[in-house]
Structures are given as structure tokens and as C-alpha cells.
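Reader: I keep hearing about salt bridges. Please show me how to read them in a model.

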Amino acid sequence: MVSTAVIVLVVVAALILRVQLRCAGFPGGGVTAAELPPPAASGALRVAHWNVRNFPLSERPPRPGQGYATRTNICDLETALAGLDAHILGLTEIRDTKRLPRVLRRAAGRRYDVVTSNRGGRGGLRLAIAWDADRLAQASVAGDIDSVAIRPTLRPGFWVRLKDPASPDREILVVQLHLKAGPKGVEDRRLQVRALVEWLDTAVAADPPFGLVVQGDFNVVGGSGLSAEDEWRRVDAVLSRVGLARLPSAQPCSMYWEGPGEPDDRYLPSLLDVTYIRGFDGLQSSEAESWLHCRRLNCDPLISAPGREDATFYDVSDHCPVTVDLGGFFATEGAAPAR
């Protein structure tokens, strides 16, 4: 007969192994408070989004000496998610939709509900929108915006409506995006943005929300003789047709990439992840703030190589989470919606 002591030892060993597997990755220091925002101000609504790089495991095998891991360090991810203190959280590049809710539950501070897109394009990279279930309630069935995909290999947009039960008229339409990547995708992105505007024109006209948020990874890098700045101006102009305005970015980057040429452990900053809003009459919005390694390095070039790994870039994501605060959104403090 197996003794109680043996059973306890087996359980403890299993728990240790589980933590080691979840926290596998960069062995050095991970997320720090200096790289994360202060708590949201009283009454403010914090909206965040983050491309979490093939969560939790890339299908591409690691190459020798590369400066980043292909497996997500779940412990660092949970610490970062908790530190964002977001009421609404959009996530990009979700491979494992079943694991995501468990990760959000373990992220201390807020009790999240989450919905995920039905499709994720050729790579199976789905979108997710989560919200603080103690402050917000789902006001509609979530859905894919299939027209944004423009073809089956690309990703649809994803939307959901949320509301503050204490002020039911303050309903928010949240749209999460992950557009075609790369300079060769510039024409696809143009068509995707145009398809989004056509969808919004119908959705918003039929039932105007108090506020509209369109956010995510726009992958704007220019192409075909168009600079990134020129492409951003084009995107801004198209989205302005439905009243959307891009919030200014406090940092000039939201992710790091290898740059042109052969990999050399030096990664360059780029601005891909932005937030557009419309409505929210009477509320004051903050700038869009990029956190983690974007904040730590102030968007200077990043070095990540064997023995010199950059913490969150290495084993969480090349992208940085982005937050926006909308002051005075909540009419009452701490009110929980009926479940």
C-alpha cells in the first residue's frame, strides 16, 4: 500500500515539474514593475492589446543561436498581463484557445471573461478579446469580420460589444485586427482596411455604440515605393471616413524585428500596434503607451543573443503590450455586473 508520504512527494514533484514547464525560457530576470503601467486611475477604463507571438508555441523550430524562444514563458506572460491592469484586453496570435482562459484566470488582479475568433487564417493565429467580468458585461454575441480576411489564407477581424451595467447606455464596440504582414502585403492591407470600413459603416450606422475601439497589429511597414509613414497616413484617412482617429503613440515603437540582411542579434524598433477610437464623448483619452522592452529600451535597438537574452522579448513576445486610458468612463466604483 502506498504511504501518504509517497503520495505527497509525487504531488509536490508533479507541481514543480508543471511550474518548470510553464516557466521554461529565459533564465534571468523577467518582467519588472518599471516596464509596466501604474494601476488604472479611479473611474478610468483601460483598454489594452498585445500580439503575444504564437501563444504558446511556434510551429517553427528554433534555429541555433537565435535571440528569442519559440515557447512562451507562461509565468512572465501572466505577470505582464496582471501588470497591465486592463479592463478590456485584445490579444493577437493565439494558437491554443483552450489554454488562454486558464492563463487569464491565473493573471492576478482581474477576473476575465474571454471570447476568441473562429478562424485564424493559414497559420491558425486567432484573435481574442477579454474583459474584466466584475466591471463589464458582454452585450452581444462576438463574431468574425470575414470580409477583412479578403481570402481564406488571411485572418478575419473580430468584434464584440461590451457594456457597463451601471450605465447601460455606455456600450462599446471593440474590434481586434491582425492584418497581412510585410512590404509585399501593402496592397492586401489596403483592401483589408477598406473592407473593415465597409463593415463598420453598416454595423455602427445600424446601432451606434457610445464608444468604438479598433485596435491590434496593423503590420504597417510600407511597400511598393510607399513608406511606412505614407501607409499610416493612408490608413488614417480611410478610417477617418467612419469617424475613427488614431491615438498618438507615446513611444515610436510597439515591437522589434531582425531588420534587413542576415540575423546579427540586433533587433530594430517598429510601430505596428495602434489604437483608433470614436465617440466616448466627454471622456479624456490618454496617449497609447507601449510597455515591457519597448519602454525599457525607449525604442532604441535591442540586443538579444545567447548569453545576452532580452527578458520579455526573448520568451514572451517581440511585440509590446499597448494601453490606453479613458478617464471617467465608470459612473460608479467597484460595481459588479449581474451574472
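Author: We will go through some salt bridges, pair by pair. Keep in mind that this model is predicted.

Reader: What lets two side chains pair in this way?

Author: Side chains of opposite charge can pair when their charged atoms come close. This structure holds 17 salt bridges.

Reader: Which residue does Asp85 meet in a salt bridge?

Author: Its partner is Arg110, with N to O at 3.0 Å.

Reader: Why does Asp85 count as buried?

Author: Buried means under 20% relative accessible area. Asp85 has 17%, so it counts as buried. Arg110 has 19%, so Arg110 is buried too.

Reader: Where do Arg161 and Glu171 lie?

Author: Arg161 is in strand S7 and Glu171 in strand S8, ten residues apart. They form a salt bridge, with the closest N and O atoms 2.8 Å apart. Both residues are buried.

Reader: How many residues apart are Asp230 and Arg233 in helix H5?

Author: Three, which is about one turn of the helix. Their salt bridge has its closest N and O atoms 2.3 Å apart.

Reader: Is Arg233 buried or exposed?

Author: Arg233 is exposed, at 53% relative accessibility. Asp230 is partly exposed, at 30%.

Note on methods: Residues numbered from 1 in each chain as written. Predicted model: local features only at pLDDT ≥ 70, side-chain atom pairs only at ≥ 80, totals over all residues. Heavy atoms only, no water. Salt bridge = Lys/Arg side-chain N within 4 Å of Asp/Glu carboxyl O. Buried < 20%, exposed > 50% of the residue type's maximum accessible area, 1.4 Å probe, protein only. Helix = DSSP H or I, 4+ residues; strand = E, 2+ residues; numbered from the N terminus.
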